[in-house]
Amino acid sequence: MLLKIKRRAGLFLALSLFLGTFWTQSFPVQATLEELEEEAEARKALPIQSNEIDNWPTGPQVRAQAAILMDANTGVILYSKNIHERLYPASTTKIMTCLLAMENGNLDDMVKFSHEAVFSVPSDGSNMGMDEGESLSLEECLYGIMVASANETANAVGEYVSGSIEDFVTLMNDRAEEIGCTDTHFTNPNGLHNSEHYTSVYDLALISSLFFKNEMLCKISNTASYHFEATATQPDDFIKSNKHRLVNGEISYDGILGGKTGYTDDSRQTLVTCAEQNGMRLVCIVFKEESPDQFTDTVELFDYGFHNFQVLNISENEKKYNIESTGFLQIGNDIFGRSKPILSIDTDSYVIIPNTVSFQDLDSDIDYSISNENRVAGIAYSYHDIYVGNAYLNLITDNASTYEFDTNMTSTDVSVEKTTAESEPEAEQDTIFINIKKVLLGILIFAAIAIAIFMVHAIIANGRTARRRKNRIKRKQTRRSYGHSDFNDFDF
């Protein structure tokens with residue numbers, strides 16, 4: 001009897017071990033709240049690369065695995081933490097999906113939902129309940145993707161743009177490479193987890209910068225809720241709400257332009273947000289966080305950027321590159337006063353630097369290899385080897401009235417003198433540039449001097465003639481007086 005009990009106990013123990021092993025292998029055990037908190041605190045202690053720059057504002061210790069704060073217009077990075085680490089983006093992938101749809105589609109086109117678009121994604125994931133055979137306009141689809149984070153809608157848009165999801169994924173990766181992404185590989189349009197579907201916060205910031213330069217995409221991604229009305233191709237009437245707390249108003253922040261949330265068990269919380277203040281349009285991206293840290297850390301990063309950095313116009317502050325004294329040909333409608341220099345720094349370019357830094361503290365490098373007919377060179381600015389902005393030297397053209405002395409002149413015929421002590425002398429150019437205004441002014445001055453000399457000479461000559469005439473008259477008068485004298489030489 002005792003032996004049977006021991007045997008049964010052994011079998012029960014073996015069965016328990018087997019089931020336990022099978023269960024843990026088939027169904028991964030979710031981390032507890034305490035474990036997630038410990039992981040978040042460990043991530044908070046990770047080094048912040050931007051804090052290692054001399055005289056750079058100290059950024060906040062966020063609990064994200066990776067984070068970036070980038071100016072969307074210049075690409076200047078204000079805050080960096082593990083910005084090139086490859087991580088899972090989750091639904092922030094849809095930033096790229098919508099960008100490609102806007103670049104390659106028409107908002108009024110109808111997008112039909114195929115069987116694969118609807119049924120290739122989990123039914124319990126983010127969706128908007130679309131059925132096979134239904135259709136929405138591309139514009140409504142973009143609202144469905146950005147507001148409702150609908151996975152089946154992202155698939156349908158991919159098929160609309162490229163014909164199939166596979167071809168659209170190829171387009172996503174090709175476009176990412178064109179943008180300059182080096183740590184990105186997409187496998188689907190929606191961001192559902194795949195070990196080969198990854199990007200970095202830096203790469204996604206490059207993609208997002210293009211996204212937020214589009215006014216329509218900003219409007220769509222900054223929508224708190226959207227009402228989908230029933231139509232002949234879609235019979236349901238419903239409203240979808242945005243879960244991005246800085247977009248839906250749960251967290252108030254000035255200047256929000258839009259954003260996108262993301263979450264999977266493997267990626268944890270991911271968030272993309274764009275805000276504009278003080279002349280800066282900043283993109284903030286955080287990867288691998290726990291809720292609600294992705295929102296509070298984003299607010300802290302925006303405050304850090306807007307409060308510690310300034311925007312300086314380059315053309316108003318640049319002194320090292322002397323444009324006016326080069327003596328180049330000038331153009332315009334009037335050579336006597338309304339002409340313009342042939343070269344100028346574009347007036348829209350700017351640098352973003354810490355409030356404690358001046359423009360004179362920056363280093364600059366000029367590049368003449370610019371392949372643009374109106375751009376002669378580019379100037380890149382840095383602070384302690386950190387890029388802070390750039391500008392272009394533009395060749396000014398005036399179609400109304402130009403003075404062309406060398407129709408074959410190329411960008412290599414002109415140069416800009418860098419007046420720093422370290423600069424090396426430029427090689428002499430064979431091309432001669434004539435300043436019409438200066439030439440005419442020289443001619444006028446020369447003529448005035450010549451006239452003055454002539455007048456002085458004439459005055460002196462007239463004076464001498466007058467004296468000679470006066471002397472002749474005097475001599476004549478003297479001879480006449482001798483002719484009427486009372487004495488005659490021969491009387492003696």
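What is the volume of the largest pocket? In this predicted model, local features need pLDDT of at least 70 and side-chain atom pairs pLDDT 80 or more, while totals for chains, interfaces and linings use all residues. Residues are numbered from 1 along each chain as its sequence is written, and side-chain values use heavy atoms, without hydrogens and water.

**View 1. The largest pocket has a volume of about 670 Å³.** A pocket is an open set of points on a 1 Å grid over the protein atoms alone where a 1.4 Å probe fits, with protein on both sides within 12 Å along at least five of seven lines; lining residues have an atom within 4 Å of a point. Of its 31 lining residues, Ser91, Ser126, Ser149, Lys243 and Tyr263 are the closest to the centre. Strand 7 supplies the largest share of the lining, five residues.

**View 2. Met96 lies in the largest nonpolar core.** Such a core joins buried Ala, Val, Leu, Ile, Met, Phe, Trp, Tyr and Cys residues through side-chain atoms within 4.5 Å, where buried means under 20% relative accessible area with a 1.4 Å probe and protein chains only. Among the 57 members, Met96, Leu142, Ile207, Phe211 and Ile285 touch the most others. A second, separate core of 44 residues includes Val62, Val299, Tyr304 and Leu362.

**View 3. Cys141 is buried, at 0% relative accessibility.** The count of disulfides (pairs of cysteine sulfur atoms within 2.5 Å) is zero. The closest cysteine sulfur to that of Cys141 belongs to Cys98, at 9.5 Å, too far for a bond. Cys181 is also buried, with a relative accessible area of 10%.

Conventions. Grid points are joined across faces, edges and corners, and a volume is the space filled by probe spheres set on the points. Helices (H or I, at least four residues) and strands (E, at least two) are DSSP runs, numbered from the N terminus. Buried means under 20% relative accessible area, exposed over 50%, partly exposed in between (1.4 Å probe, protein chains only).
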